[in-house]
Amino acid sequence: MRSSDLGRLGEDLACAFFEVHGYRCLARRWRRGGGELDLVVRRRALTVFVEVKARGPGSYGRAAEAITSGQLRRLRRLACSWRQEHGAPGDLRLDVVTLDVLAEGRGLVLRHFPGVG
């Protein structure tokens, strides 16, 4: 599986995860100023900006290990840009969702890390 396909799979599953938990997906792959928000979701008065990381069985390390402080700073900056452009009344939160695809068809592991930044 190509890394771009794996990334889309991760975003699809993350979006479905949030929808199952009562969120509505407002945006996917929102790009501005040298960055991208993977997902923006909302439930009631809470808007969540989501970074999605996916790793396949041949990748070095787990997806969660690929999250850097620089990426979290970028996520905060982009969340501010989104809020200025679209308005986001209520509370804001930054989350990370990781997807690790296991070797030999053994399945996958999706993890949600709320409030990371």
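Phe 17, Phe 18 and Tyr 23 form one aromatic cluster. The model is predicted, so that local features need pLDDT of at least 70 and side-chain atom pairs count only at pLDDT 80 or more, whereas totals for chains, interfaces and linings use all residues. Residues are numbered from 1 along each chain as its sequence is written, and side-chain values use heavy atoms, with hydrogens and water left out.

**Exercise 1.** Determine how Phe 18 pairs with Phe 17 and with Tyr 23.

*Solution.* Step 1: rings of Phe, Tyr and Trp (its six-membered ring) pair if their centres lie within 6.5 Å; planes under 30 degrees apart are stacked, over 60 edge-to-face, and the rest tilted. Step 2: the structure holds three aromatic pairs. One of them joins Phe 17 and Phe 18, with 5.5 Å centre to centre and 85 degrees between the planes, hence edge-to-face. Step 3: Phe 18 and Tyr 23 are also edge-to-face, at 5.1 Å and 85 degrees.

**Exercise 2.** Classify Phe 17, Phe 18 and Tyr 23 by accessibility.

*Solution.* Step 1: buried means under 20% relative accessible area, exposed over 50%, and partly exposed in between (1.4 Å probe, protein chains only). Step 2: Phe 17 is partly exposed because its relative accessibility is 24%. Step 3: Phe 18 is buried because its value is 1%, and Tyr 23 is buried at 9%.

**Exercise 3.** Describe the pairing of strand 1 and strand 2.

*Solution.* Step 1: strands (E, at least two residues) are DSSP runs numbered from the N terminus, and two strands pair if DSSP finds at least two bridges between them. Step 2: strand 1 (residues 24-32) and strand 2 (residues 35-43) pair in the antiparallel sense over seven bridges. Step 3: Arg 28 stands opposite Leu 39 in strand 2.

Notes
Helix = DSSP H or I, 4+ residues; strand = E, 2+ residues; numbered from the N terminus.
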